Amino acid sequence: MEGIRRRVFVYSTTFTLCVAFAGEEIRRVKSIEMGPVKKEGVIALFDVDGTLTPARKEATPEMLQFLQELRQVVTVGVVGGSDLAKISEQLGKNTIYDYDYVFSENGLVAHKNGTLIGNQSLKTYLGEEKLKEFINFTLHYIADLDIPIKRGTFIEFREGMLNVSPIGRNCSYEERCEFEKYDKVHNVRPKMVQVLREKFSHLNLTYSIGGQISFDVFPQGWDKTFCLQFVEKEFSEIHFFGDKTYKGGNDHEIFESEKTIGHTVTSPEDTRRQCTELFL
């Protein structure tokens, strides 16, 4: 009798192990067939210039393909200081449909799955008189500025901010690179920002140096952390990748936010490397 019980126990244990093994094998095969499993509650937000693309250049086909592969694993969002038209030039004309979230102008214009979910107006916030006063002073300052070259479009008016460029946004790519080198030596943009900050302290504006040739001007709190209001309730883990995460850079506030896990990158290639190690 004792021998029968032992044999039954052995058979029962063996059957249980076989079932467990078979169940694990089925899950493994299903995982292979279905592809990667998306991580719920996790979102990766990306700056554009210097993070997904070289400054003001288009993303490579390899980067665009990589981002679509990443979307299979985590939710993907783009948060740039430029307006939607410029971001679309770099990431593709269907940008608002190609990514789960697209936050242009720091999220002042916000899209989710191709649908507009938020929009803020600098003109409404400041009013025409204050806006005109700021623009007039800035243009006079640039007119008196002695730098090697100047082109056109020194102030670009966007929905939620002003973009100010001492050299002018119409400069060529080569001129853009030359100005960046000149600015690192002569601090053209930091000095200009300091003047504007003192002159218009009563307007409570933020000045954010980004890219190679310009800086953004917007009300306090309208930096890239503005976009977090659209994702913080849905996601428990918010990763942000950016290149200008230093103080004064336009990625600094969102990088330092307690609501995000910040990652500093040095190039689009570095972005792919870090994401692969973290998510893939």
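**Helix α7 in this predicted model gives the most to the lining of the largest pocket, with three residues.** Numbering starts from 1 along each chain as its sequence is written. Local features here need pLDDT of at least 70, side-chain atom pairs count only at pLDDT 80 or more, totals for chains, interfaces and linings use all residues, and side-chain values use heavy atoms, without hydrogens and water. Helices (H or I, at least four residues) and strands (E, at least two) are DSSP runs, numbered from the N terminus. α7 covers 173–186, and α8 covers 188–199. Both helices supply at least two residues each to the pocket lining.

**The largest pocket holds about 360 Å³ of space.** Its lining has 22 residues. E180, K184, G211, K244 and Y246 are the closest to the pocket centre. A pocket is an open set of points on a 1 Å grid over the protein atoms alone, with protein on both sides within 12 Å along at least five of seven lines; a cavity is a set where a 1.4 Å probe fits but cannot get out; lining residues have an atom within 4 Å of a point. Points join across faces, edges and corners, and a volume is the space filled by probe spheres set on them. Sorted by class, the pocket lining has six nonpolar, nine polar and seven charged residues. Nonpolar means Ala, Val, Leu, Ile, Met, Phe, Trp, Tyr, Cys or Pro; charged means Asp, Glu, Lys or Arg; the others, Gly among them, are polar.

**The largest cavity is lined by 24 residues.** D49, S82, G210, G211 and N250 lie nearest the centre of this cavity. Helix α3 (84–91) and strand β9 (214–219) are the elements that give two or more residues to the lining. β9 provides the largest share, three residues. The volume of the largest cavity is about 240 Å³. Four lining residues are nonpolar, 10 are polar and 10 are charged. In total, the structure holds two cavities of 30 Å³ or more.

**The second largest cavity has a lining of eight nonpolar residues.** About 40 Å³ of space lies inside. Look for L122, L126, L131 and F134 among the lining residues. L162, L205, V217 and F218 also belong to this lining. Helices α5 (122–126) and α6 (128–143) each give at least two residues, and so does strand β9.

**UniProt places an "active site" feature, in an unreviewed entry, at D47 and D49.** Both D47 and D49 are in the lining of the largest cavity. UniProt positions follow the numbering used here, feature names are shortened, and annotations may be inferred rather than shown by experiment. For "binding site", the unreviewed UniProt entry lists D47, D49, D243, F255 and T260. From this set, D47, D49 and D243 are part of the lining of the largest cavity.

**D47 sits in the loop between β1 (42–46) and α2 (61–70).** D47 counts as buried because its relative accessibility is 5%. Buried is under 20% relative accessible area, exposed over 50%, partly exposed in between (1.4 Å probe, protein chains only). Setting aside neighbours within four places in sequence, D47 contacts (heavy atoms within 4.5 Å) L52, V79, K224, F240, F241, G242, D243 and D251. The D47 side chain also makes a polar contact with the side chain of K224, at 2.9 Å. A polar contact pairs N or O atoms within 3.5 Å; within protein, one must be able to donate a hydrogen and the other to accept it, and residues adjacent in sequence count only if both atoms are side-chain atoms.

**D49 lies in the loop between β1 and α2.** Its relative accessibility is 18%, so D49 counts as buried. Residues up to four places away in sequence aside, D49 touches P54, A55, R56, Q90 and D243. The side chain of D49 reaches the backbone nitrogen of R56 at 3.0 Å.

**T260 is placed in the loop between α9 (252–256) and β11 (261–264).** Is T260 buried or exposed? T260 is buried, because its relative accessible area is 11%. T260 touches L228, I238, I254 and F255, without counting residues up to four places away in sequence. The T260 side chain reaches the backbone oxygen of I254 at 2.6 Å.
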